[in-house]
Amino acid sequence: MSVEGIGARVTRKEDKRFITGKGKYTDDVRLHGMTYASFVRSPHAHAKIKSINVDAAKAMPGVVDVLTGQQLVDDKIGNLICGWMIHSKDGSPMKMGAWPAMAPETVRFVGNAVAVVIAETRNQARDAAEAVEVTYQELPAVADIRSAIAPGAPQLHPEAPGNVIYDWSIGDEAATGEAFKKAANVVAMDITNNRLVPNAMEPRAAVAEYDSAEEHFTLYTTSQNPHVARLVLSAFYNVAAENKLRVIAPDVGGGFGSKIFIYPEEMVALWASKRTGRPVKWTSDRTEAFLTDAHGRDHITRAEMAFDKDNKIIGLRVKTHANLGAYMSLFSSSVPTYLYATLLSGQYNIPNIYAEVVSVYTNTTPVDAYRGAGRPEASFVMERMMETAARQLKVDPAELRRKNFITSFPHQTPVIMAYDAGDFNASLDAALKAIDYAGFPARKAKAKAEGKLRGIGFSCYIEACGIAPSKAVGSLGAGVGLWESCEVRVNPVGTIEILTGSHSHGQGHETTFAQVVADRLGIPISQVSILHGDTDKVQFGMGTYGSRSGAVGMSAIVKAMEKVEAKAKKIVAHQLEASENDIVIENGEFKVTGTDKAIALPMVALAAYTAHNLPDGMEPGLKETAFYDPTNFTFPAGAYVCEVDVDPGTGKTDIVNFVAADDFGRLINPMIVEGQVHGGLAQGIGQAMLEGAVYDKSGQLVTASFMDYAMPRADDLPSFKVSHTMTPCPSNPLGIKGCGEAGAIGSTPAVINAITDAIGNNKLEMPASPDRVWHAIHQQQAAE
């Protein structure tokens with residue numbers, strides 16, 4: 001085993017280039033003859049396009065061309081699609097409205113592109129875009145769920161009467177209804193999950209080049225899954241044949257789900273590069289990012305929980321309305337259905353669950369996966385309900401959870417998921433100890449004496465990661481398989497290249513993937529290179545999202561390594577005249593157990609390529625490929641506890657202590673895992689206290705800059721206490737569960753539960769700004 005192998009706190013290999021400014025991002029790409037694109041975007045949330053006059057723009061300095069949505073349609077470029085089919089309760093398919101990359105006739109949200117200017121410089125393109133004259137006939141708009149489904153509401157798409165995309169359900173409605181009839185107590189809540197803007201550090205960008213001699217396209221793009229991008233662009237959007245399109249995702253500065261999808265700008269850049277015969281670059285500015293990057297969350301929910309006389313949960317009933325914005329994005333349909341409702345059992349043994357989800361169109365930016373993607377929304381519902389139930393039933397919130405925990409595995413929930421392993425009590429015990437729960441009453445009293453309101457809040461979350469197996473998700477409507485691929489190349493001198501279909505956009509794959517290989521072979525990670533993000537170099541893969549890189553991507557590495565090791569052992573056994581079963585791998589050598597006979601890895605590799613002395617019938621070389629499809633989702637889980645002080649005079653909340661006890665299964669690199677948790681906690685706390693995308697009634701985004709959209713800063717966050725319990729995952733060879741989204745899933749309800757505990761008012765919507773908290777305090781005082 002290498003000292004840099006599994007479990008080692010190895011510093012990230014890739015950070016040297018990032019912190020020294022040597023990273024190569026899409027906007028760093030410079031091509032000969034490159035032009036720049038600037039989009040003309042609708043200032044209206046809903047309008048008919050009456051005319052577009054491009055004459056003045058075309059006459060401006062440096063302008064190469066001005067292209068419109070109608071030209072895009074005329075060239076038969078396809079509409080954007082949603083790749084996960086959902087059927088309503090009545091069996092009818094979801095109502096997917098047409099989404100052209102640039103609108104030829106109707107715009108449906110502020111920021112909807114209608115034309116693009118291609119010019120010699122970025123500033124020339126922007127200036128000319130201002131000169132494009134568009135005449136609109138403004139139409140009534142609906143900017144929120146309730147307005148969209150109200151009788152007589154303006155209709156966004158003719159395919160979707162009443163603006164309803166689907167009315168879907170899961171669980172046994174009749175059995176759940178019977179459970180409620182027998183309930184000793186029922187807890188009910190109306191819950192809002194606020195809309196968020198992803199705000200990755202690196203804005204989206206695309207550089208497209210068309211080679212007319214080869215009739216070949218190259219696209220550099222900020223993508224979390226370049227192979228899927230190539231597939232969709234070729235198979236559905238009619239941009240280019242798959243074998244005539246290369247997609248490269250170089251260094252990507254954060255994704256959080258928002259860079260999974262194919263966006264209009266990538267399609268237009270490719271199309272425009274062929275139309276103009278020049279490479280085309282587009283880089284989003286921050287305002288464009290606010291207006292056009294897929295938003296997240298935006299649910300309103302009515303939830304009811306039934307308890308028996310012993311405070312055991314006997315039923316859960318949930319109805320959620322989900323805002324999907326003006327169009328259906330690539331995975332949007334799955335987020336409030338199979339990624340949300342299937343997790344509504346939480347960590348609890350609930351025999352009867354029924355959930356109904358109604359998704360709707362509004363004149364807002366499309367909504368899709370954002371860090372956690374459905375799992376944060378489910379955990380927020382469950383953990384707000386559990387905390388509220390504890391208050392209503394007048395029992396300790398930790399003990400109510402403990403009483404209802406699932407304790408026997410595997411466990412089949414009433415909403416599809418089969419939890420394979422876990423120890424929820426262990427996580428809760430670790431969190432209670434770390435927060436010093438027994439000492440909380442004394443700390444509360446001390447805070448009161450100092451004029452502060454102190455509260456404590458819990459969250460026991462569970463999530464489903466890996467998003468697999470392919471057969472299962474296919475049966476649920478997914479348009480692609482969700483396996484992962486790996487090719488292991490052992491070069492003639494013993495260096496190793498790992499070609500993975502996963503993609504890194506901040507997770508540290510170049511380090512952790514190398515650690516898996518180093519652990520198996522006993523070699524330094526400097527001997528291992530990780531290649532990803534280029535469809536011409538790497539075999540087809542599914543990319544990174546849903547905390548799947550470890551559980552699925554690393555498992556594919558293990559499967560390919562097993563093949564490489566088996567072949568290497570055959571070569572060594574042949575050369576040392578030993579049995580294959582007696583060959584072991586230690587410290588970079590293949591040894592005959594119980595002897596001093598050994599061959600170092602570089603010599604084994606050289607033997608494989610010189611092929612002078614190989615077993616009869618063996619092919620030369622040392623390279624193997626594997627495609628890994630898991631047998632189940634993975635189920636990371638944990639217990640979070642938040643302790644806050646609230647100033648009753650101002651409503652300002654300070655987090656004085658935050659504890660996260662997670663079970664991620666086996667940890668490859670604990671330092672990187674802790675970093676992932678810290679980042680997730682920042683985003684979850686940001687949602688709870690600061691962030692919120694707000695539209696006015698006309699569909700204008702009034703939080704379209706960092707002046708209006710509050711992001712968490714260092715002084716908003718405490719020093720987190722992070723710990724880990726461990727139950728290995730039985731459904732993949734490494735025992736990994738995944739860690740990338742947990743912090744964003746478990747933290748939000750813990751914070752809101754703590755604030756509402758402090759102020760004594762359970763009615764508090766996110767973000768819990770000082771103004772909202774102050775009003776909640778005074779509403780409670782008035783009620784008393």
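Reader: Where is Pro-767 found?

Author: This is a predicted model. In it, the peptide bond from Met-766 to Pro-767 is cis, with omega near -5°. As for its place, Pro-767 is found in the loop between α19 (742–759) and α20 (770–783).

Reader: What share of the residues in the protein chain is buried?

Author: To count as buried, a residue needs under 20% relative accessible area. The accessible surface of the chain comes to about 28,600 Å², and carbon and sulfur atoms hold 51% of that. Of the 784 residues, the buried share is 62%.

Reader: What part of the contacts with a separation of 6 or more comes from residues 24 or more positions apart?

Author: Val-659 and Ala-750 give an example of residues set apart in sequence: they are 91 residues apart along the chain, and their C-alpha atoms are separated by 9.9 Å. Over the protein chain, residues 24 or more positions apart account for 80% of these contacts.

Reader: How many residues are in the largest nonpolar core?

Author: In soluble globular proteins, nonpolar side chains tend to be buried together. Here, the residues that touch the most other members of the largest core include Leu-233, Tyr-237 and Ile-755. A second, separate core has 50 residues, among them Phe-513 and Leu-576. The largest core has 159.

Reader: Is Val-659 buried or exposed?

Author: Val-659 is found in strand β27 (residues 653–663). Beyond its neighbours within four places in sequence, Val-659 is in contact with residues including Ala-431, Ile-435, Tyr-640 and Lys-721. Its relative accessibility is 1%, so Val-659 counts as buried.

Reader: Which helix is the place of Ala-398?

Author: At 1% relative accessibility, Ala-398 counts as buried. Leaving aside neighbours within four places, Ala-398 is in contact with Leu-428, Leu-432, Tyr-437 and Phe-458. Its C-alpha atom is separated by 8.8 Å from that of Glu-387, eleven residues apart along the chain. The helix is α11 (residues 397–404).

Reader: How far apart in space are Asn-199 and Ala-289, C-alpha to C-alpha?

Author: Asn-199 is found in the loop between β8 (185–196) and β9 (205–211). With a relative accessible area of 8%, Asn-199 is buried. Its contacts beyond four places in sequence include Arg-286 and Phe-290. In sequence Asn-199 and Ala-289 are 90 residues apart, but in space the distance is 7.3 Å.

Reader: Why does Gln-683 count as buried?

Author: Gln-683 is found in helix α18 (residues 670–689). Leaving aside neighbours within four places, Gln-683 is in contact with Phe-256, Tyr-370, Arg-371 and Glu-691. The cut-off for buried is under 20%. Gln-683 counts as buried because its relative accessibility is 13%.

Reader: Is Glu-577 buried or exposed?

Author: Glu-577 has its place in the loop between α16 (549–576) and β22 (583–586). Its phi is positive, about 55°, although Glu-577 is not a glycine. Exposed means over 50% relative accessible area. At 75%, Glu-577 therefore counts as exposed.

Reader: What value is phi of Glu-215 near?

Author: Glu-215 lies in the loop between β9 and β10 (216–221). With a relative accessible area of 52%, Glu-215 is exposed. Its phi is positive in a residue other than glycine, and the value is near 50°.

Notes: Residues are numbered from 1 along each chain as its sequence is written. This is a predicted model: local features need pLDDT of at least 70, side-chain atom pairs count only at pLDDT 80 or more; totals for chains, interfaces and linings use all residues. Side-chain values use heavy atoms; hydrogens and water are left out. Buried means under 20% relative accessible area, exposed over 50%, partly exposed in between (1.4 Å probe, protein chains only). Contact means heavy atoms within 4.5 Å. Accessible areas come from the Shrake-Rupley method with a 1.4 Å probe; for residues, only the protein chains shown count as cover. Helices (H or I, at least four residues) and strands (E, at least two) are DSSP runs, numbered from the N terminus. A nonpolar core is a set of buried Ala, Val, Leu, Ile, Met, Phe, Trp, Tyr and Cys residues joined through side-chain atoms within 4.5 Å.
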